[in-house]
Structures are given as structure tokens and as C-alpha cells.
Amino acid sequence: MTTAPLADLDTRLALAEAMAREAGKLALDYFKRRETLIIETKRDLQDVVSIADREVENLIRGRIHAAHPQDSILGEEYGLETGSSGYTWVIDPIDGTSPFVNGMPNWCVSIAVLHNGIPVIGVISAPCHDELYVAAHGKGATLNGRSLKLDASRNIRNAVTGIGANNHVSPAFVAKMVEQVLEAGGNFIRNGSGALMLAYVAAGRLVGYYEPYMHAWDCLAGYCLVKEAGGWYHPFPTEGERLTKGSVVLGAAPGAIDDLKKIAGL
């Protein structure tokens, strides 16, 4: 359990919200002129990045450096900076870069804060939908200021499950995931942004989200949101260098936990 001092948590929560709004506006500006962006690839032709990702991350890092220079920062584009405060910011400047560069609205800015390895703040901005998801340890979760609380009667058979995959996962494994969800009486979507789909779990739009290999910057803000809305998540390894590596990700509403743990082999 985290022991983050309340005052420290409040100041960082206020900063996270402000940064998410500001970063969301910058990202949306790039989105509206995406035809001018030079698109680069990373691991493969489906793993893309542009100046929009880098400039949004630079904006967030700059704000954190100014306000909390002793905090650690892990971002998708520029890696890990180690601090001494015990707090670690974990940021994805644009989660869903592929939808972003292809003109689809399913992308977001994801900002998490860890304390003692636990996600204590999660803020996700979805600018195309004018939505801001906010959560902090012991403070609940909100969407545009409206409290989020999950309905325990919803499960994988009467609601929709989100799934994700990437080039770390074999096609056969993805096919098996889909098969297991369908065999259990469920249905699924994949929208290209794992962070946004975890936010949708917190909002009750999805009953769960499962991805066999995902990075910390993709999931930790969403994890905080799911937990504070009354859901559950499978712990992400945050010790040392493990924070920078990928791991299985699963977040679920109460009524879907057992089924999705079985599907994920947890």
C-alpha cells in the first residue's frame, strides 16, 4: 500500500491535470495538421512516431522538471530519468500513434505517477472526444468531473471486452485470445490505444482490457483509473529496470475479473 503524503499527492495531481490539458491541446493541434508530419518507424512498419509524440513529451517533461526536479520520469520517447524523491512520472505523449497519424480519434495523452511502485495518479486526456479522465489514490476516479463507479453486474457475457496486441505477440496467440473471449460468450474490440481502452474500463464502457505485452507508459494511468473506479488490475512490475520492460496487462470490472484472469492464464 502507498504512503504518499497527501500534500505531495495533491500538488502532483493538480500538475498532472494541467499538463494533460495543455499536452492534449498541443497534440490536437498536430492532429489537425497531421498531413504535414514526417512519420518515422521504430520496431516495424506498424510502430510509428512523429515530431508530435516528441514535442508533447518534451512539454510534459519540462513542466515536471520545473515543478518537481527531484522526481523520476519515464516516457516512451526519451526513456528514464532517475530522481531521488520516490515519485516517478510515467508518460505516453500520444498513445495510439497509428490511429493519430491515420486520422482516427482513438488516441490519448497518458500521465501516471508512481509512489513506492504503486500508481497513485492517473490522468488521461482524449482531446478528440473532449474527455479528461482523472484518478488519484483514495480520491476516486472521474470523467470530466463526473464520478466513475463500476457496476458489478456487468461481465464478459453482457458487456464488451477490450483486447490489444503488437509485434511482441504471435498471430497464433492473438487468435487464441479472440477464440477464448468468444468461447466464453463475450465480444471484443480493439481501437489502437490500450491506455484509452483502460480508461473505458474505468468508465464502464468496457468490462475489461487484456494485452499480453504492454509497456508501463501505456497502462499505469489506466490502472489507477480502473482501481479508483472500483475495478482490479494485474500488478505491473515496477522494480528497477523492470519498469522499462513490457509485461502482461489486465484491468477488469468486478464481474469480469475471474473470466479474464482465466483467459489471460493468471
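Between domain 1 and domain 2 the count is one salt bridge, a term used here for a side-chain nitrogen of Lys or Arg within 4 Å of a carboxyl oxygen of Asp or Glu. The model is predicted, so local features need pLDDT of at least 70 and side-chain atom pairs count only at pLDDT 80 or more, while totals for chains, interfaces and linings use all residues. Residues are numbered from 1 along each chain as its sequence is written, and side-chain values use heavy atoms, with hydrogens and water left out.

The domain assignment gives domain 1 as 9-148 and domain 2 as 160-264, bounds that come from an automatic or database assignment. The C-alpha centres of the two domains lie 19 Å apart, and their contact (heavy atoms within 4.5 Å) takes 42 residues from domain 1 and 28 residues from domain 2. The area buried between them is about 2600 Å², of which carbon and sulfur atoms give 64%; buried area is the accessible area (1.4 Å probe) that two parts lose on being put together, summed over both.

Two salt bridges can be set side by side, out of the 10 that a search of the whole structure finds.

| Salt bridge | Closest N and O atoms |
|---|---|
| Glutamate 131 with arginine 205 | 2.7 Å apart |
| Glutamate 81 with arginine 61 | 2.5 Å apart |

The second pair links distant parts of the chain, with glutamate 81 in strand 4 and arginine 61 in helix 2 (residues 51-67), 20 residues apart; helices (H or I, at least four residues) and strands (E, at least two) are DSSP runs, numbered from the N terminus.

A further feature comes from a record: the UniProt annotation "binding site", in an unreviewed entry, covers Glu76, Asp92, Ile94, Asp95 and Asp218. These residues span 143 residues in sequence, yet no two of their C-alpha atoms are more than 9.5 Å apart, so they gather at one spot. UniProt positions are given in the numbering used here, feature names are shortened, and annotations may be inferred rather than shown by experiment. Of the annotated residues, glutamate 76 has its place in the loop between strand 3 and strand 4 (79-81).
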